[in-house]
Amino acid sequence: MWTFLEAVTGFPTFLFTVPLLVAAGFWLLVAVGAVGSRTFDGDADLGALGLGGVPVAVAFSLWTGFAWAGSLGAVVLLEPLASSGPSRALTGLAVLVAAALVSWCATRAVVRLLRRLPPDEPGPSSPHCVGPTRTVRSERADDGLPQGDRPHPELHVRRRAA
């Protein structure tokens, strides 16, 4: 556990730990309904970076999560090799650059997959509106409908004023 805490709070992982905490806090606010997931969409256009087509917060969160995980893994794996001051600093700098670039590539791949998903569409307005839409032209709403297509007995049909 101590090795994990040292790696998370040490260079270069700490540079990704802080944005990861900010992203986690943002998604908690989205979960409770305090902000929307597209809050930052007007602030940045990520199309030039190959990250367009998803909300900015999604792209930033993915990039941050991949960079943090990559940086943490590399620091833990390379710790025994870079024990002196100058080699540790150079290794940390190399890990910082590599983690940022690899996470950008991974984020681009995930965003490309997310763009293929259909856009959000609103669901039915009522749990009883699941069948085809029909126009009723009679005094009773269930006239002329097969038994299985009759409206739910609790639904009240409003008549138009003539």
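The legends below describe close-up views of a predicted model.

The model is predicted, and local features need pLDDT of at least 70, side-chain atom pairs count only at pLDDT 80 or more, and totals for chains, interfaces and linings use all residues. Residues are numbered from 1 along each chain as its sequence is written, and side-chain values use heavy atoms, with hydrogens and water left out.

**Figure 1. Overall architecture of the protein chain.** The secondary structure consists of four helices and zero strands, in the sequence order α-α-α-α. Helices (H or I, at least four residues) and strands (E, at least two) are DSSP runs, numbered from the N terminus. Of the 162 residues in the protein chain, 23% are buried; buried denotes under 20% relative accessible area, exposed over 50%, and partly exposed in between (1.4 Å probe, protein chains only). Among contacts (heavy atoms within 4.5 Å) between residues at least 6 apart in sequence, 67% join residues at least 24 apart. The protein chain exposes about 11900 Å², of which carbon and sulfur atoms supply 65%; accessible areas come from the Shrake-Rupley method with a 1.4 Å probe, and for residues only the protein chains shown count as cover.

**Figure 2. The aromatic pair F16–W63.** This is one of two aromatic pairs in the structure. Rings of Phe, Tyr and Trp (its six-membered ring) pair if their centres lie within 6.5 Å; planes under 30 degrees apart count as stacked, over 60 as edge-to-face and the rest as tilted. The ring centres of F16 and W63 are 5.7 Å apart and the planes stand at 70°, so the pair is edge-to-face. Because F16 belongs to helix α2 (residues 14–31) and W63 to helix α3 (residues 56–78), the pair ties together parts that are 47 residues apart in sequence. F16 is buried at 4% relative accessibility, whereas W63 is partly exposed at 24%.

**Figure 3. The aromatic pair F26–W27.** With ring centres 5.1 Å apart and planes at 75°, F26 and W27 form an edge-to-face pair. F26 is buried, at 12% relative accessibility. W27 is partly exposed, with a relative accessible area of 29%.

**Figure 4. Helix α2 and its buried residues.** The 18 residues of α2 should span 26 Å at 1.5 Å a residue, and the end C-alpha atoms are 26 Å apart, which agrees; the expected span of a helix is 1.5 Å times one less than its number of residues. Buried in α2 are F16, T17, P19, A23 and F26. These buried residues pack against α1, α3 and α4 (85–115). An α-helix has 3.6 residues a turn, so residues three or four places apart point the same way. After α2 comes G33, which has a positive phi near 85°.

Figure 5. From first to last C-alpha, the 23 residues of α3 reach 32 Å, close to the 33 Å expected at 1.5 Å a residue. The buried residues of α3 include V56, A57, W68, L72 and V75, and their cover includes α1, α2 and α4. F60 also lies in α3 and is partly exposed at 37% relative accessibility. Leaving aside residues up to four places away in sequence, F60 touches P19 and A23. F60 and W104 are separated by 44 residues in sequence and by 9.7 Å in space, C-alpha to C-alpha.

**Figure 6. The cis peptide bond between F11 and P12.** F11 and P12 are joined by a cis peptide bond, with omega at about 0°. P12 is located in the loop between α1 (2–9) and α2.

**Figure 7. A nonpolar surface patch.** F11, L15, L93, V97 and L101 make a nonpolar surface patch of about 480 Å². Patches are made of residues with over 30% relative accessible area and no salt bridge, like charges being joined within 9 Å and nonpolar side chains (Val, Leu, Ile, Met, Phe, Trp, Tyr) within 5 Å. The most is given by α4, with three residues. L15 is in helix α2 and is partly exposed, at 46% relative accessibility.

**Figure 8. The salt bridge E79–R88.** A salt bridge is a side-chain nitrogen of Lys or Arg within 4 Å of a carboxyl oxygen of Asp or Glu, and by this rule the count is one. The side chains of E79 and R88 form the bridge, at 2.1 Å from N to O. E79 is partly exposed, at 37% relative accessible area, and R88 is likewise partly exposed, at 40%.
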